[in-house]
Amino acid sequence: MALLLAVCMCTLLFFPVKASEEEELEQIILEYEKYNTLFSAIEDIDDAEDNGFRIIEEQSFPVLLESFLDGETEVHFVPVMYEKYNRLGILITDSRGRVLYKTNQLETNNRWLGRMQQPTREIAAVSFQDLDLDGQTDIILITDCADGEGEETEGIYKVGDVLFQKEGGFYRDWRISDKINRFNMNKSAKFIASYVRDGNSTEILYTAATLDELVENGFQIVQEQCYYRSFEKQGFLQVVPGVIRMAEYNIFMIYLVNSQGYIEWSFQPMGDYDNLYALKGMTCRDMDGDGMKDIVVLGRYSYNNLDGELTVDTRCSIYYQRTDGFAEDREFEDYYQCTTEDTVSGLVDKIRAYWGWTVEND
C-alpha cells in the first residue's frame with residue numbers, strides 16, 4: 001500500500017483510538033482505496049474525466065522522452081487533478097491518447113500525511129531536462145499549494161519534485177525531493193536544476209556552524225549593514241546580513257555571530273518569497289519598550305504570482321528580543337501594510353506607536 005494507507009494502519013496498530021476515531025480511519029482507508037481504483041482505471045486519456053480527474057490542459061505538452069518512443073516521434077505529458085481531494089497525477093500518453101505510464105506518487109500529494117485532502121492548487125512550472133546526465137530527459141515539477149480554504153487560505157507556497165526517467169518509466173529520489181523543499185530550493189525549474197544537475201545548494205545557510213563556513217560556500221555579506229551590537233540578554237554579537245546567489249535568485253539571511261565566529265541565531269526575513277530584490281535597510285533598537293534591542297529589516301522581495309507575472313512586495317520583518325532568544329513579529333505585519341515609500345526610520349516610529357511606546361531609547 002502507499003504512504004497514506006501505511007500511516008493510517010500504523011495509527012490503528014500502535015495507538016489506541018476510540019470507536020468513532022477508528023471508524024474515521026477506516027473511512028479514510030476506504031476512500032483511498034476507491035481513489036486508487038479510479039486512478040488505476042485510467043488506461044486512455046478519455047478515462048480521466050470519466051473517473052473524476054480534471055485534465056490540466058494548460059500544462060499538457062508534447063515531449064521527447066527517449067525510452068517511450070517505440071516508433072513514436074513524441075509522447076504527451078498530461079497532468080490530471082482529482083479535485084475532490086486536490087491530488088495530482090501524471091500521465092504519459094501516446095499520440096492516440098493511450099496511457100503508457102502514470103503515477104500519483106508525488107511530493108505534492110504527501111504534504112498532509114495521513115490525509116486524503118491535500119493542499120495542491122495548480123501546477124506552477126514543468127520543465128524537461130536531463131538532470132542526472134544519463135542521456136534521458138527527466139521532469140521537474142513545481143506545484144502551488146495553500147493551507148486552508150477560501151478566505152482562510154494562508155498564502156501560496158511551492159512544492160518541488162523531480163521524476164527521473166528510467167527505461168519505460170520514472171522514479172523519484174525522496175531524499176532529493178526532501179532537500180529541495182526543506183531548504184527552499186523549489187523557487188523555479190532553474191533553481192532545482194542548479195541543485196540536482198550542477199550540485200549547488202542553499203543547505204549551508206541552514207546547517208553552517210560558523211561565519212567562515214558560510215563565506216567559504218559563497219555567502220556574500222552586505223558589508224554596509226554588518227556591525228556589532230550589544231544585545232542585553234544575548235551578549236555582544238555581530239549582525240551579518242547577506243545572500244547566496246543560486247540560479248537567478250538571491251537568497252537572503254541574517255546571522256548573529258559571536259566573537260569566536262560561531263553563529264548564535266539566524267533569521268530569514270524573505271519568508272516564502274523567491275528573491276531579495278533590494279535591502280532597504282536594517283536597525284537594532286528597542287521597538288516594544290521592554291528595554292531590549294530588537295531587529296527591524298525592511299526589504300523588497302520578488303516572486304511570480306499565479307499568472308506567472310513578476311511581482312515585487314515591500315516587507316518589514318521584526319524580531320523581538322526575549323530572554324531566551326528572539327520572537328518573530330506576527331501582529332504589526334497584520335496591522336500595517338508596507339509600501340515603497342516606507343523607510344526604516346519611519347517604520348521605527350510606526351512600530352513604537354503601535355506598541356504605545358514613543359520614548360527614544362537607543
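## Helix α4 and its ends

In this predicted model, D173 caps the N-terminal end of α4. One of its side-chain oxygens lies 3.0 Å from the backbone nitrogen of R175. Just after α4, N184 takes a positive phi of about 55°.

Helix α4 spans residues 174-182. Its buried residues are I176, S177, I180 and N181. They cover an arc of only 125° around the axis, which puts them on the same side of α4. An α-helix has 3.6 residues a turn, so residues three or four places apart point the same way. The buried residues of α4 pack against β8 (156-166) and α5 (189-196). The face turned away from the buried side carries the exposed residues W174 and R175.

## Cysteines

How many disulfides does the structure hold? The count is 0. C284 is in no disulfide. The nearest cysteine sulfur to that of C284 belongs to C226, 11 Å away. C338 is in no disulfide either. Here the nearest cysteine sulfur is that of C316, at 4.9 Å.

## Aromatic pairs

The model has 28 aromatic pairs. In one of them, the rings of Y82 and Y85 have their centres 6.0 Å apart. Their planes stand at 35°, so the pair is tilted. Both Y82 and Y85 are buried. These two tyrosines also belong to a cluster linked by ring pairs, together with Y32, Y35, F39 and F53.

F267 and F326 form another aromatic pair, which is edge-to-face. The centres are 5.4 Å apart, with 85° between the planes. F267 lies in strand β14 (residues 263-267) and F326 in strand β18 (residues 325-328). The pair therefore ties together parts that are 59 residues apart in sequence. F267 counts as buried at 7% relative accessibility. F326 counts as buried at 17%.

## Charges over rings

F39, a member of the aromatic cluster, also has a charged group over its ring. The charged end of K102 sits there, 5.9 Å from the ring centre. Elsewhere, R229 lies over the face of Y227. The distance to the ring centre of Y227 is 4.2 Å.

Technical notes. Residues are numbered from 1 along each chain as its sequence is written. This is a predicted model: local features need pLDDT of at least 70, side-chain atom pairs count only at pLDDT 80 or more; totals for chains, interfaces and linings use all residues. Side-chain values use heavy atoms; hydrogens and water are left out. Buried means under 20% relative accessible area, exposed over 50%, partly exposed in between (1.4 Å probe, protein chains only). Helices (H or I, at least four residues) and strands (E, at least two) are DSSP runs, numbered from the N terminus. The arc is that of the directions from the helix axis to the C-beta atoms. Contact means heavy atoms within 4.5 Å. A polar contact is a pair of N or O atoms within 3.5 Å; within protein, one must be able to donate a hydrogen and the other to accept it, and residues adjacent in sequence count only if both atoms are side-chain atoms. A disulfide is a pair of cysteine sulfur atoms within 2.5 Å. Rings of Phe, Tyr and Trp (its six-membered ring) pair if their centres lie within 6.5 Å; planes under 30 degrees apart count as stacked, over 60 as edge-to-face and the rest as tilted. A charge sits over a ring if NZ of Lys or CZ of Arg is within 6 Å of the ring centre and within 35 degrees of the ring normal.
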